[in-house]
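Today I am opening my notebook on salt bridges.

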Amino acid sequence: MFYVFLIGDNVESKVAIQEEIKARRIAIVNDAGQEVVKLLTNDEDNGAVQIYNKDGTLVAEMRVSKNDNGEILVGNKNNKVIGSLP
């Protein structure tokens, strides 16, 4: 939460720090409004972190795999997976 107060000709702002935010999806956008990072749940209700380049191409993902193990995928700008763990 961010508060702005106008006092006379002065603008004062205060930031209220939240201890916890609960959401099914959080998106981080760049200056152009393009989503570049997503924190979300997948179809199986497991967590995932997705990173996109400025053109909107998914280039990295950390997620829970279909067999409930951790998985990291790295792709290139042509949307091709070029590396993964495990």
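I began with Arg 25, which is partly exposed at a relative accessible area of 42%. The cut-offs I used: buried is under 20% relative accessible area, exposed is over 50%, and partly exposed is in between (1.4 Å probe, protein chains only). I kept in mind that this is a predicted model, where local features need pLDDT of at least 70, side-chain atom pairs count only at pLDDT 80 or more, and totals for chains, interfaces and linings use all residues. Residues are numbered from 1 along each chain as its sequence is written, and side-chain values use heavy atoms, with hydrogens and water left out.

Next I asked: which residue forms a salt bridge with Arg 25? I found Glu 35, with the closest N and O atoms 2.7 Å apart. A salt bridge here is a side-chain nitrogen of Lys or Arg within 4 Å of a carboxyl oxygen of Asp or Glu. Arg 25 sits in strand β3 and Glu 35 in strand β4, so the pair ties together parts ten residues apart in sequence. Strands (E, at least two residues) are DSSP runs, numbered from the N terminus. Glu 35 is partly exposed too, at 26%. I also noted a network of salt bridges linking Arg 25, Glu 35 and Lys 38.

Then I looked up Glu 71, which forms a salt bridge with Arg 63 at 2.7 Å between the closest N and O atoms. Glu 71 is buried, at 19%, whereas Arg 63 is partly exposed, at 28%.

My last entry is the count: six salt bridges by this rule.

Conventions: Helix = DSSP H or I, 4+ residues; strand = E, 2+ residues; numbered from the N terminus.
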